[in-house]
Amino acid sequence: MYAPYPYLGEATINSLDMNATTDFSIVLWQGASFYVALQAYDSEGQNSELSNIVFLQIQDRGADYRLYWRTVSKEISDSAFTSNAFLYDLMPNLADCFAGTLNESAQQRLLQAFNQTRELHQLTSITYNHGSDFQVQQASLIQRSNNFLTHTPSTSSTCYSDAGFNGSNSSNLHLGGSNSDPADDLIGFIDDAFNVSDIAGIGHRRALLNPFLQITSYGQVLGASAVKVFDFSTDSETAAEDIPDFVAFPYLRYPHVFFSDKTSNRKTPWNLSIIEDKSSIWANQHHYFANAKLSVTRKDNSQLISVADIHIDTRGSGVPNNFSWTVTNWEYDTWYSVLISNINYRSGETGRIQYDVFIDYKNIIDILFPLEAGDQQNGTVIQGTLFDTNDKDSFQLDLEGNVTFSGKSQFSNMAFYIAVYDADKQLLEAKDEAFTLDLPAGEYTLIISNCANQSCYSQAKNYSVRFN
């Protein structure tokens, strides 16, 4: 006998007659959760008591998931896909208001990250639409040329065009200081902690995780980028059976790269949208959460976790209903249960939605960076060279007690960062000046780099680091 988790009453209890067999196999999806019990019977119809009830949950997304997110996060950290050669077939020229053309590889890198992210939510894959390439490239040109973000650029804007206006008005927009990795653009939009207009509304995320979305286009001009999410010249429909009952972020096991809480002073909102009507996106514009109650519970000790910044809206950014909040002091690699109750459905019923969350860090992050010739450790002294902004050197050390880390280069200040990670890959400290840590005995990873805490030194340098 079995029943799905969360348990919704006797009508959800099912049974499977095994006859005389004692084993069977079945493929379950990630996050599948059931209560299971056994009962024996004989040829005379006599039944045993039910066995103990066992809770079964598929918590692993599999090797392909780990490989993709581990690889892409390392590539982003290494700026492996930000070169002009990778991004452009024809280079942009701002002086001539020439947007250039993107390389097919750059467009496909965006699309792959897009679909890998949608897969985390059991959403259908989308396809690439070259018919809107000119729009999104012109939109990116306007943002870059004027050095600001707007979905409605004025006709007086530098490098204005009607195509650029249409692309700006129908796309998620990003503006960075230099070329960006298309996959990193996608991740930033899903995170949405740096949304300059309305963080709680998480409009970029909702537009990308729209179950009704079928196609996209991507443009970039020197770090200004656009991902088109609606108003396409061709229409297509998602089959009702491919649309889930809700879209939640984060959901089940989820890569840590989508969260800003631990790496900046921004908080990444969590959220939920409901799809009650699978035939039309606008049929879901309803105040589902007007009286909703929310709890986030740590599963290993049943501790209630504080939530804040609760927000509801029915705006049309993707599915037109949204319940969002932030979670205080969540931890990596820890299972949480999210429960939203007292949901008011359009049908008149009152319901609840419960799901689990695990922000996946240790399985994804890679903190081992290769050493070049001359990078070496001699006792308590490490010496080497940082050749550029992206260069990082890793050293694994056995440490214990009060340890002081200090460094010097050819510059008057350190002009580089020392970062210390513990055996669980948790960052303990990252500074560009001397610091001391009280460390339990164990193995630690020391990373020496030009960048940390969203700030960088640009010069190449020879460094010397001492720890004692």
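**Close-up views: disulfides and nonpolar cores**

At 9% relative accessibility, cysteine 159 counts as buried, where buried means under 20% relative accessible area, exposed over 50% and partly exposed in between, with a 1.4 Å probe and protein chains only. The model is predicted, so that local features need pLDDT of at least 70 and side-chain atom pairs count only at pLDDT 80 or more, while totals for chains, interfaces and linings use all residues. Residues are numbered from 1 along each chain as its sequence is written, and side-chain values use heavy atoms, with hydrogens and water left out.

**View 1. The disulfide of cysteine 97 and cysteine 159.** The sulfur atoms of this disulfide (a pair of cysteine sulfur atoms within 2.5 Å) are 2.0 Å apart, and the link is left-handed, with -80° about the S-S bond. Because cysteine 97 lies in the loop between β4 (88-90) and β5 (101-102) and cysteine 159 in the loop between α4 (133-146) and α5 (162-169), the pair ties together parts that are 62 residues apart in sequence; helices (H or I, at least four residues) and strands (E, at least two) are DSSP runs, numbered from the N terminus. Cysteine 97 is partly exposed, at 35% relative accessible area.

**View 2. The disulfide of cysteine 451 and cysteine 456.** Here the sulfur atoms are 1.9 Å apart, and the link is right-handed, with 120° about the S-S bond.

**View 3. The largest nonpolar core.** This core (buried Ala, Val, Leu, Ile, Met, Phe, Trp, Tyr and Cys residues joined through side-chain atoms within 4.5 Å) has 80 residues, and Trp270, Trp325, Ile340 and Tyr355 have the most contacts inside it.
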